[in-house]
Amino acid sequence: ADRVNLGGTHLLLETLRSLPGGAPRLLYASSVYALRPPVSGVLDESCSFDPAAARGAYDRSKAAASLEVLRAASQGLDAVLLCPTAVAGPFDFRCSEAGRGILYNMTPGVKFTIDGAYDFVDVRDVAAGFLAAAARAKSGRVYILGGNLLTVREVAQTIWQTAEGWHFGIHLPDWVADLAAGLLPLFTETPIFTPYSLAAIRSNSEISHARAQAELGYAPRPAVEAIVDAVKWWLAQRGEEAAVAQPSTRLAV
């Protein structure tokens, strides 16, 4: 994470500084996970990037890289930092973390839910936020691109109602979820529950994107639409794969 997020950002900044005639605007994709959340109250752009308060390697490297971008902006580089919340939605060709969770819940059968919630945002609204920032943002500003709070149970039920097949949910108490998060990495490289993910959904998830609304005209759709459209997109992908696998019935003439 440090090599890509921090080292890669440092290399990019050095390259931009060396461009003859000045650098173009940098839109840096930071993350809301890189901001230090308050113990209570709303997480917004007044919260600082703090590597020391990070929950894991990703958060720490993104926080450190974001500080580098802010430092470069204070020295004259035209740079804007954008912090999406938990991104979900269609066109997930590389199967994101949210995509893995959606696919898990789409598969018919018994599924497990846990306590917790987070702010989810549609990937299409994040893209629109980046375009708006390119045209309207002030250099050196930080903008949170969020949607709205959804519980783990709400996300799961939305997926079950949209996907095909039958689903039966079993709620796990916190101690069982913690035990599973500790043991699953021993048996699979892509566990559904990890200590990091549990810490995120149990953290203060009251997140504001008011600055982006006021200064960029940012207007995200309800996050549940991102979940529904993601499920429909995955179903369409499966349909296309099934169609390709079927033998052709066309007659040769």
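## Contacts of Val32

In this predicted model, Val32 touches Leu43, Cys83, Pro84, Thr85, Tyr118, Ile144 and Ile207, with residues up to four places away in sequence left out of the count. Val32 also belongs to the largest nonpolar core and takes part in lining the largest cavity.

## Nonpolar cores

The largest nonpolar core holds 42 residues, of which Leu26, Val32, Leu35, Phe49 and Met106 touch the most other members. Helix α9, spanning residues 223-245, gives the most to this core, with 7 residues. Another core, of 13 residues, lies apart from it; Ala132, Ala137, Leu145 and Ala212 are among its members. In soluble globular proteins, nonpolar side chains tend to be buried together.

The model contains 1 cavity of 30 Å³ or more, and the space in the largest cavity is about 30 Å³. Its lining is formed by Val32, Tyr33, Leu35, Pro37, Leu43, Arg55, Tyr118, Ser203 and Asn204. By residue class, this lining divides into 6 nonpolar, 2 polar and 1 charged. Leu43 and Tyr118, both in the lining, are also contacts of Val32.

Phe91 lies in the loop between β3 (86-88) and α3 (97-106). Its phi is near 65°, a positive value in a residue other than glycine. Phe91 has a relative accessible area of 52% and is therefore exposed, the cut-off being over 50%.

Cys95 is likewise found in the loop between β3 and α3, and the phi of Cys95, near 55°, is a positive value in a residue other than glycine. Cys95 counts as partly exposed because its relative accessibility is 29%, between the 20% and 50% limits.

Conventions: Residues numbered from 1 in each chain as written. Predicted model: local features only at pLDDT ≥ 70, side-chain atom pairs only at ≥ 80, totals over all residues. Heavy atoms only, no water. 1 Å grid on protein atoms, 1.4 Å probe; cavity = no way out; pocket = protein on both sides within 12 Å on 5 of 7 lines; lining within 4 Å. Points joined across faces, edges and corners; volume = space filled by probe spheres on them. Nonpolar A, V, L, I, M, F, W, Y, C, P; charged D, E, K, R; others polar. Core = buried A, V, L, I, M, F, W, Y, C linked by side-chain atoms within 4.5 Å. Buried < 20%, exposed > 50% of the residue type's maximum accessible area, 1.4 Å probe, protein only. Helix = DSSP H or I, 4+ residues; strand = E, 2+ residues; numbered from the N terminus. Contact = heavy atoms within 4.5 Å.
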